[in-house]
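Dear colleague,

I am handing over the structure below, and I would be glad if you could look through it alongside the notes that follow.

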Amino acid sequence: MEVERVQGIANFSTETIPEEFIRSTNEQPGLTTVQGTVLEVPVIDLSDPDEKKMLEAIIDASRNWGIFQVVNHGIPDEVIRKLQEAGKVFFELPQEEKELYAKPPGSQSIEGYGTKLQKELQGKKAWVDHLFHKIWPPREINYQFWPKNPPSYREANEEYTKHMHGVVDKLFRCLSVGLGLEGHELKEAVGGENLVYLLKINYYPPCPRPDLALGVPSHTDMSSLTILVPNDVQGLQANRDGHWYDVKYIPNALVIHIGDQVEIASNGMYRSVLHRTTVNKEQTRISWPVFLEPPSDLEVGPHPKLVNEANPPKYKTKKYREYCYCKLNKIPQ
């Protein structure tokens, strides 16, 4: 059975969109976005010589926002540009070539090219196609889901991964110290050296009714942290005090999301960010989030050092794979 891709639907949609993409009125971005206000989420300079200032900024953003952007992060602009170019070229290939990387029917893995990701309430669909594959550690990589075209794809992804490690370690070290833990303890609690880097490319084609559709509906990320590179088309929105705001695009910044596993490990001291993606009438939006995930069999719960009689655990301890299954199938945790 041929799966309908959003890119194909977009090619034939000029004024209207199919009913299954029209969100309910409490979700439609045309009705629920705070207009004229761009959310100035914290922007943090990772090369700030004043380490204390940088540390405090990361801790404050993670407690009060769950989202922040980092600049001067050490990943060269050219490395990010090549990552973006390779992903864009893949999605512009003929459809039959993209389908060679399709997620196999019935697969328990998330990896591969696809459209549907999770159980959608009311049967609604998101205006997005995607490609998932792991980029780290090497033993977790399944190259059957890495496009061979463009030929630069593999090198661009490997180069980006190589430069990411420093950012990952710095973020975890700051977050760990902010909880009163040793610098290595938070990362260890969510997988340590076995942490899995899962890349997703989101491809949001132009949509004739961006006021009615969503690229990705509101959610928090299942991961520990998410490090996201967007293209220059506005689309990311964050929920602040119950309202939806556009998040300002900053060229060459990385957008950092606190994910559910860090919220759990911190026993709620840090909070995962509720966010969603809107689409554009004329332009294609593409984003490259990397989800830093615990190994599937690792049990994640509130860190033992953060729990006592006065501060009991606020979350269950469970295997990451079980957490993901419940979240994707809308089963209470």
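What follows goes from the chain as a whole to one of its sheets.

This is a predicted model, in which local features need pLDDT of at least 70 and side-chain atom pairs count only at pLDDT 80 or more, while totals for chains, interfaces and linings use all residues. Residues are numbered from 1 along each chain as its sequence is written, and side-chain values use heavy atoms, with hydrogens and water left out.

The chain's secondary structure comprises nine helices and 15 strands, these being DSSP runs numbered from the N terminus (helices H or I, at least four residues; strands E, at least two). With a radius of gyration of 19 Å, close to the 20 Å from the globule rule for 333 residues, the chain is as compact as a globular protein of that length; the radius is taken over C-alpha atoms, and the rule is 2.2 Å times the number of residues to the power 0.38. Of the 333 residues, 53% are buried, meaning under 20% relative accessible area with a 1.4 Å probe, protein chains only.

Turning to the sheet, five strands form an open arrangement in the order β1-β10-β9-β12-β7, with mixed pairing, where two strands pair if DSSP finds at least two bridges between them. β1 (33–39) and β7 (216–219) stand at the edges with a single partner strand each, so one side of each lacks a neighbour in the sheet. β1 runs parallel to β10 (residues 243–247), to which three bridges join it, and V38 stands opposite D246 in β10.

Key
Buried < 20%, exposed > 50% of the residue type's maximum accessible area, 1.4 Å probe, protein only.
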